[in-house]
Amino acid sequence: MSSLPRRAKLKTAASKDEFSFLSELSSSSEEDDKEDSAWEPQKKVPRSRKQPVPKESKPKRMPRVKKHTPKISDGLEGMVVKEELNSSVAIADVNLEERKNEPNTVQTEKTAKTKRKNSAQSPLVRRTKKLKVEETSKDTNVEDENNSTEMPSTSTMWESTCKKEKNEVDFTFGQSPLKKMKTEMCPQGQPVKLPANASSIKEEVEMNWDIVQVLSERTNIELWVCANIIRLFNDDNTIPFIIRYRKELINNLDADSLREVQQTLEELRAVAKKVHSTIQKIKKDGKMSECLFKALLNCKTFEELEHVSAPYKTGSKGTKAQRAKQLGLEGAARTLLENPGALNLLSSIKPNVKGLSTLQDIETGVQHILADMIAKDKDTLDFIRKLCQNRHICIQSCLAKVSSKKVNEKDVDKFLLYQNFSCSIRNIHHHQILAINRGENLKILTVKVNIPDGVKNEFCRWCIQNRWRPRGFARPELMKILHNSLDDSFKRLIYPLLCREFRAKLTSDAEKESVMMFGRNLRQLLLTSPVPGRTLMGVDPGYKHGCKLAIISPTSQILHTDVVYLHSGQGFREAEKIKRLLLNFNCSTVVIGNGTACRETEAYFADLIMKNYFAPLDVVYCIVSEAGASIYSVSPEANKEMPGLDPNLRSAVSIARRVQDPLAELVKIEPKHIGVGMYQHDVSQILLKATLDSIVEECVSFVGVDINICSEVLLRHIAGLNANRAKNIIEWREKNGPFINREQLKKVKGLGPKSFQQCAGFIRINQDYIRTFCSYSSQHAESSTGVEVTNEKQGKKKSKTPVNVVLKPNPLDQTCIHPESYDIAMRFLSFIGGTLCEIGKPEMQQKINSLLEKEGIKKIAEGLQTTVHTLQVIIDGLSQPESFDFRTDFDKPDFKRSIVCLEDLQVGTVLTGKVQNATLFGIFVDIGVGRAGLIPIRNVTEAKLSKTKKRRSLGLGPGERVEVRVVHIDIPRSRITLDLIRVL
C-alpha cells in the first residue's frame, strides 16, 4: 500500500494531447450525451471491486482500484487526487481555454451525482461516490486516447491501464529512488542523469510553476540535482545518509548547501499549500474568477499571495475598488481602456445613491478600480520589480518619536549606530538588518524603504505608453482619471507591496545567514577534538555558594564531588583540600567554567601552578564554555543519569565532560542554549531548531557511535533514529546482550528497512569487545543465546530474515562502509588480495595505495561496477584504524599555566588566541585576558585562512587557534580590537 500515493501521482500526469481531447469532449454536446449514458453501467464497477475487500482470498484487488482511480483528476477541478491520504483537493494547472470548456463536464458530474443520491444505495456505494466520478472521467480519457467513438469495456480499460503502469515503473522513483537506481538501473549505484522532461516532479498541490525550476533558480543548483534532491527527501532520506552514501546523485554538494535546498523546498511547498487553502476559501465564498484563479496559481511567495488574496479575506470590509465595483462602475473602468470614446460618466450619476451622487464620486470610483487592476497585473508588477533592480533603493532608520518616553535609555544607547542610518539594500549587511528589526520591534527605531521618484516617473510613463494605454482617443478628463489612477496605484498599493517584499527578502536572507552561522559555529564546537584517557577536575566557579568540584575518570565515571570556598578568605585552607584531591586521583588537568567568578578562579589556580604548589603533579588548566550547563543540571536527563546528586555539582560534572568528549556531552543540551550564535531570539525559531537539530544529527552520525556502549541520548541523534527507536535499542541491548553485527538491528522493535538503511552506516561495533563477548558466551551459554534469538524472531509479526540466523561478527561493521556495499567491499578485498583481518592495518594501506597507483580509482570503480564515491567510502573504511576518529584533526582545548590581564596589553602586541564565537560582523577571540577581543569581518581575508588545514566550513569557527595583533584597546568599555595574522 505504500506505493499508492506514487502511482496516483504518476497517473495524474496527463499529456497535452489528452487535455486537448478532453477539451473537445467537454465542448461537444454529442460526447456529453454519451458520457451521461455511460454513468449507469459504470456505477457497478467500483462496487464489484470493493465488496471482496474483507475477504482474505483477494487481497490485491482493492489496491489496484485505488491506484488508478485518481488518474483523471488533472483535468477536472475539485477531484480528489490521493484518496488514501485524505488530502485536499488538487489544484490543477489548467489554461483558460480548458476552463471555459469545463462547465459542461462539471454539469455532467453533478447530474450523475444527483441520480445516485436519489436512488437506493448501500452505504458502501455512498462512501465511494467521489471514486465513481473519477472512474467515469478516466473512462472518457481512455476513449479519447484511442480515438474511438465507442465506450471500451471495463475489463479492457483496467488491463490497458495496468500494462501502462508496468512500463512507467522503470523510470520512476516509487520506492527509495536511490535504492531503485542501485538495484535495477545500475546494480551498484552508477549515477544516471535524468532526461530533460524527467526533471519535473508531481507535487500534491499543482501550481502554474514547476517546483524543480523555481528551486534551481533560487539555489543556483542544476535542474537534475534539484530533481534528485526532491526525490531523496520525498523518500525520507536523511542529510547525513545522502551526503555520505548518495554523493553522486547530488553532484558533491556539502551539508549546508543541501540543508539550504531542503529549507527552500519546504518554503515553496508551504506557499503551494497556502495557495490551495486560499483557493478553497474563496470558492466557498463564491468570489472565485478565472483571472483570480490564475493569479493565485502564479504566486511563488507569501508576500505575493497576501497581495492577491487580501481583498477576498472573510470578514474584510472590502477594498475601495470592491466597493466601487458593487456600485456598478467596473464596466465604466473597462470601457475607459477599451473604448474611451463611448464612455459617458454622466449617465452613471444617481443622486440618491452614495458614491454615485456626483461626477466626482464616479471618477473616484473608476480611479480606484483602475488602480486595483494596475496593482494586480502580473506584467506591471514584473516591470516595476525589474526597474527597482537597476535603481538605488535604500533602507533608512531613525529614532522613533515616542521611544524616549516608554523605553529604557540603556536600550536606546544600544542602537546609537542606527538612529540616523541609511544604506543601499544591495550593500547592507545581514547583522544590520537584524539589528534594525530588533530596534523596530522594541519601538526604538522607525524604518522605511526609500524608492527614488525617478522610479515612479518612469513607471507611470511606461504604463501610459504601453501597458495601460487606451485603445482609442481619450478625452483629457479621461486621461486625467488614468493618470490619477497610476499615481494612486503606485502610492497606495504598489509602493507598500514593494516595501514589504524588499524587507521580507532582506529579513529572510539575514535570518537564514544568521542560522547558518549559528550552525557552522555549533558544528565546529561539537567536533572539537576530545581529550581521552585523562582524569579531569571540573570546576563550576562561584562566590557566595563556593566553587563546585567534580573529578571524573577517563571513562567519564564520577569519582568525587565537593565544594570549596576560594573567594571568601579561605583560599589557603582550601588549597590543601584541592591538592589532596588531585594527588589522590592522580589528576593533572583542571577544567574551569567561564561563568561567574571565572576570572578570579583562573587567577587562583594560575598562582598555585606558578608556585609549583601541586608538585610532583604538572597541573594545567583550561577554560571551557559552561553555556547550558545550569539548564542541563536540572533536566530530567541529568536526574536520570546522576540521581541523588545536587544540581550544582551536576554542572561541574558536565563542565569536565565537555573537554573529555565534547560531542557526547553537548548533545544533551538544547543547541540554542550552547551560546555560539547571535540574534538567535530574533530569527524564526522553527528554522533555527530544524537547522541546529540537523547539524547535531550530522555531527553525531559522521563521528559514529559504538552501539554497545553509547548512551541513549547520543543514539537518538543518529540519522534514521529517534527517541523511541533509541530507547528500544537500549532495551534490546540490556535484554539480549551486546549487538554482534549490524544485521541484529533489524530485530529491534520499530526499526524497519528504511530506518536501518539510514542508520546502519553510522553505527559501529567494536570487534575486540565482540570477540571477548563471543569467547565468553561459547564457554558458558552459546546454545541459550541462539534459542533466545530464535524465540525473539518468531515472536515478531513480520519477519523478513531467516529465523536460524548465525550470529557472526563482521569486521566491516566497525567501519563507515554501508551494509549495502559489503558485497563490493569483499570483491575489492579479493581484487587487492587482502583479508578482513587486515582492516585498518598498514599492510592494507600499502595494498590499496599500490593498486590505486597502478590502476586509478576510476578504472577500479568501473571494474567493480560501482561509483567513484562509493569506492572511496570503501577505501576509507578499509584503511582507517579501528579506533579512528576524524575529530582528532580539529583543535584541542588550549591548556594554560599562567594568566594575562587587560592592563598588560599594548597596541601591536602579537598574541595566540582561541576563537570563542563567530558572528556576521566579526570573530570573537579569547586571548586569555578575561575579555574576548574582536576581529572585524573586514580583517578576515581569504589569504589569511589556512589552505592545507581540513575545514568543516568557510571562515573561522569556535575552537580554532589563531595568531592576532592588538590594534586598539578601550579599557573603560573593556573592548579590544584585533587583526588576524594567520590561522595556526
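Predicted model: local features only at pLDDT ≥ 70, side-chain atom pairs only at ≥ 80, totals over all residues.
Residues are numbered from 1 along each chain as its sequence is written, and side-chain values use heavy atoms, with hydrogens and water left out.

To the opening question, then. Helices (H or I, at least four residues) and strands (E, at least two) are DSSP runs, numbered from the N terminus. Contact here means heavy atoms within 4.5 Å. Axes are lines fitted to C-alpha atoms, for helices over the stretch in contact, and angles run from 0 to 180 degrees between N-to-C directions.

Two strands pair if DSSP finds at least two bridges between them. Strand S7 (residues 589-593) and S8 run parallel and are joined by five bridges; Thr589 stands opposite Val620 in S8.

Let us return to helix H31 itself. Helix H31 (residues 647-660) has 14 residues and reaches 20 Å from its first C-alpha to its last, close to the 20 Å expected at 1.5 Å a residue; the expected span is 1.5 Å times one less than the number of residues. Twelve of the 14 residues of H31 are buried, so the helix is largely enclosed by the rest of the structure. Buried means under 20% relative accessible area, exposed over 50%, and partly exposed in between, with a 1.4 Å probe and protein chains only. Among the buried residues of H31 are Leu649, Arg650, Ile655 and Gln660. At the start of H31, a side-chain oxygen of Asp646 reaches to within 3.0 Å of the backbone nitrogen of Asn648.

I turn now to the other sheet. Here three strands form an open sheet in the order S2-S1-S3, with antiparallel pairing. Its edge strands, S2 (420-424) and S3 (445-450), each pair on one side only. The twist in this sheet averages 15° from one strand to the next. Strand S1 (residues 394-399) is joined to S3 by six bridges, and Gln396 stands opposite Lys448 in S3. Helix H24 (residues 430-441) lies across S1, S2 and S3, at about 125° to S3. Helix H26 (residues 476-526) lies across S1 and S3, at about 110° to S3.

Next, a pair of helices. Helix H39 (residues 822-832) and helix H40 (residues 842-855) pack at an angle of about 85°, their axes 10 Å apart. That makes H39 roughly perpendicular to H40, a term for angles of 65 to 115 degrees. Residues that meet there include Phe828 and Leu829 in H39, and Met844 and Leu851 in H40.

Finally, a loop residue. Thr867 lies between helix H41 (857-863) and helix H42 (868-879), and is buried, with a relative accessible area of 3%.

How values were computed
Polar contact = N/O pair within 3.5 Å; in protein donor to acceptor, adjacent residues only side chain to side chain. Parallel < 35°, antiparallel > 145°, perpendicular 65-115°, else oblique.
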